[in-house]
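Take a look at the model below. The text then walks through it, starting from one residue and moving out to the whole fold.

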Amino acid sequence: MRKNEYTSLEEFTSQYIGVWGPSDGHWFGLEFTYRGVEYRFHTGPMYDRKDMILPDGRMATFGLYQRIGDSNDFTLLGVFDTMDDVLESTCIQGVKFREVIMDPDTELTGQD
């Protein structure tokens, strides 16, 4: 049985465009579990804006985080300028994010 609610990559990418509008299906964050570890995909900074600065000085659009133990805190794994950059990232267990987010066993646990 498939746990993941996403059936296409476009379904995920169309929800995260950098604008929050739940009535239009646009969100800022997604919490999910992949291979027993909890993560968060987030638009903009979750904590400190300086964490979102790219090497060239621009502000990143997206971040990937990992939950710290049983707490409500997360540690930053990587920041990205574009959705394509996120999808190609391997900061989650060495697997491209496009594969992580579409894995049938990835469980979506929260969206805001």
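In which strand is the place of Arg67? Arg67 sits in strand 3. Strands here are DSSP runs of E with at least two residues, helices are runs of H or I with at least four residues, and both are numbered from the N terminus.

Before going further, note that this is a predicted model: local features need pLDDT of at least 70, side-chain atom pairs count only at pLDDT 80 or more, and totals for chains, interfaces and linings use all residues. Residues are numbered from 1 along each chain as its sequence is written, and side-chain values use heavy atoms, with hydrogens and water left out.

Back to Arg67. With a relative accessible area of 15%, Arg67 is buried. Buried means under 20% relative accessible area, exposed means over 50%, and partly exposed lies in between, with a 1.4 Å probe and protein chains only. Setting aside residues up to four places away in sequence, Arg67 touches Glu31, Glu38, Asn72, Asp73 and Phe74. A contact means heavy atoms within 4.5 Å. The C-alpha atoms of Arg67 and Phe32 are separated by 10.0 Å, and the two residues are 35 apart along the chain.

Phe32 belongs to one aromatic cluster with Tyr6, Phe12, Tyr16, Tyr39, Phe41, Phe62 and Phe97. Rings of Phe, Tyr and Trp (its six-membered ring) pair if their centres lie within 6.5 Å; planes under 30 degrees apart count as stacked, over 60 as edge-to-face and the rest as tilted. By this rule there are 10 aromatic pairs. One of them is the stacked pair of Phe41 and Phe62, at 5.3 Å centre to centre and 25 degrees between the planes. Phe41 lies in strand 2 (residues 37-43) and Phe62 in strand 3 (residues 62-67), so the pair ties together parts that are 21 residues apart in sequence. Phe41 is buried, at 0% relative accessible area. Phe62 is buried too, at 4%.

Now the loops. Gln15 is in the loop between helix 1 (9-13) and strand 1 (29-34). Is Gln15 buried or exposed? Gln15 is buried, at a relative accessible area of 16%. Its contacts, not counting residues up to four places away in sequence, are Tyr6, Gly25, His26, Trp27 and Gln111.

Most residues other than glycine have a negative phi. Arg35 has a positive phi of about 50 degrees although it is not a glycine. Arg35 is in the loop between strand 1 and strand 2, and is exposed at 56% relative accessible area. Gln93 also has a positive phi, near 55 degrees. Gln93 lies in the loop between helix 2 (83-88) and helix 3 (97-102), and at 36% counts as partly exposed.

Finally, the whole chain. The protein has 3 helices and 5 strands. From the N terminus on, the elements run α-β-β-β-β-α-α-β. The radius of gyration, taken over C-alpha atoms, is 13 Å, close to the 13 Å of the globule rule for 112 residues, so the protein is as compact as a globular protein of that length. That rule is 2.2 Å times the number of residues to the power 0.38. Of the 112 residues, 38% count as buried. Among contacts between residues at least 6 apart in sequence, 47% join residues at least 24 apart.
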